[in-house]
Amino acid sequence: MRLFRFLKPVSSAPVARERLQILLEYERRMVSQSSLITTLKEEILAVVSRHVSVDPEKIHVSVDSGDGFSTLAVDIQIPNRAGALGR
Amino acid sequence: MGKVIVVTSGKGGVGKTTSTAALGAALARTGQNVVVVDFDVGLRNLDLVMGAERRVVFDLINVVQGVAKLPQALIRDKRLETLYLLPASQTRDKDALTEEGIAQVIGDLRSRFDWVICDSPAGIERGATLAMRFADEAIIVANPEVSSVRDSDRIIGLLDSKTVKAERGERMAKHLLIARFDPARAARGEMLSVEDVLEILSIPLLGVIPESEEVLRASNLGAPITICGQQSAPAHAYMDAARRLAGEEIEMMIPTEKKGLLTKLFGRRAA
């Protein structure tokens with residue numbers, strides 16, 4: 001039995017290690033990105049609502065991570081009521 | 001002013017309560033005043049591990065709500081006169097814990113004790129975030145196993161963002177305590193090694209607690225392992241960890257199957 005075990009690789013720890021490294025790299029990026037988006041959203045909303053009334057639900061911020069650079073997209077819907085713009 | 005330490009992990013069953021009791025007793029044995037605080041409202045267990053389950057009259061929520069004064073709720077250990085327990089409530093709703101109330105209690109404890117050790121509930125919900133909220137330092141208990149390591153990583157992220165210390169822009173000191181380590185399995189490559197876990201989580205190592213029957217024996221008896229199983233390997237590991245926590249420099253002993261060579265190899269590196 002011992003002999004067979006010796007021949008057959010039984011080390012699962014390297015697999016665990018590799019899976020964790022890949023997963024955690026991804027999760028750390030996700031967590032930091034989602035907190036960045038939350039902060040950006042709050043601050044952009046604060047600035048914009050000083051001039052225009054904005055529904056907090058109608059603001060979308062997203063980050064697209066590309067190879068060389070990332071794109072930050074901000075989409076804010078402003079109601080078309082008179083006086084909403086250009087105060 | 002005492003130091004507030006949170007013992008946390010994210011995942012349940014990794015050894016938070018055992019470690020809180022063992023480290024608390026180890027520190028108290030040096031004559032320092034220690035209080036261990038159970039934050040696991042509704043599922044309290046620190047009282048049981050400390051052997052004080054029949055002496056609980058008032059609890060943390062009673063103190064937060066002003067029903068009892070802090071000294072009325074503190075239970076003094078029967079074996080170590082500088083060790084105290086503040087139990088959690090078993091019956092009340094965890095929403096009864098308010099941030100202001102906890103801030104007050106922690107502040108009060110900090111002025112009375114050298115060490116305030118908070119045993120966090122598992123998870124990342126309110127109880128766990130409140131337990132870490134006012135901490136000065138954190139002990140992350142992890143097992144050398146994928147789900148525990150992943151959850152530890154998540155908890156480290158929360159410690160760096162959701163605590164008062166982090167919000168002030170200060171750095172929260174974090175210590176990794178690896179529990180339930182099986183040196184034989186790690187040597188055979190069947191279990192993540194101490195170095196693997198350290199490399200993945202990249203926070204300083206406080207200690208490595210070997211898997212041992214003594215831990216269950218201690219909880220059966222209702223005594224911290226650093227009191228009732230003083231000569232056992234896990235008790236030694238906890239005693240060393242407590243001394244490191246207090247700032248002493250002690251060589252790191254990674255448990256090994258064959259004593260000697262590996263201890264020498266890892267000991268030098270990790271210490």
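This is a predicted model: local features need pLDDT of at least 70, side-chain atom pairs count only at pLDDT 80 or more; totals for chains, interfaces and linings use all residues.
1. Strand β1 (residues 3-8) of chain B is joined by 4 bridges to strand β6 (residues 137-142) of chain B, and the two run parallel; two strands are said to pair if DSSP finds at least two bridges between them. Within β6(B), B:Glu137 is the bridge partner of B:Ile5. Residues are numbered from 1 along each chain as its sequence is written, chains are lettered from A and ligands numbered from 1 in the order in which they are written, and side-chain values use heavy atoms, with hydrogens and water left out.

2. β1(B) also has 5 bridges to strand β5 (residues 115-119) of chain B, and these strands run parallel. There, B:Ile5 has B:Ile117 as its bridge partner in β5(B). Strand β1 of chain B is mostly covered, with 5 of its 6 residues buried, where buried means under 20% relative accessible area, exposed over 50% and partly exposed in between, using a 1.4 Å probe and protein chains only.

3. Which strand order does the open sheet of chain B have? The order of its 8 strands is β3-β4-β2-β5-β1-β6-β7-β8, and the pairing is mixed. Because β3 (75-76) and β8 (205-210) of chain B stand at the edges with a single partner strand each, one side of each is left without a neighbour in the sheet. For β8(B), 4 bridges join it to strand β7 (residues 173-181) of chain B, and the two run parallel; B:Leu177 has B:Gly207 as its bridge partner in β8(B).

4. Helix α5 (residues 99-112) of chain B lies across β1, β2 (34-38), β4 (83-86) and β5 of chain B, and runs at about 140° to β5(B). Axes are lines fitted to C-alpha atoms, for helices over the stretch in contact, and angles run from 0 to 180 degrees between N-to-C directions.

5. Chain A has 2 helices and 2 strands, which follow the pattern α-α-β-β along the sequence. Of the 87 residues in chain A, 17% are buried.

6. Helix α2 (residues 13-48) of chain A packs against helix α7 (residues 146-159) of chain B at an angle of about 25°, with the axes 10 Å apart. The two helices are therefore roughly parallel to each other, a term used for angles under 35 degrees, whereas those over 145 count as roughly antiparallel, 65 to 115 as roughly perpendicular and the rest as oblique. Residues in this contact include A:Leu20, A:Leu24 and A:Arg28 of α2(A), and B:Val149 and B:Asp153 of α7(B), contact meaning heavy atoms within 4.5 Å.

7. The axes of α2(A) and helix α10 (residues 194-201) of chain B come within 10 Å and cross at roughly 15°, which means that α2(A) is roughly parallel to α10(B). Among the residues making this contact are A:Leu20, A:Leu24 and A:Arg28 of α2(A), together with B:Glu199 and B:Ile200 of α10(B).
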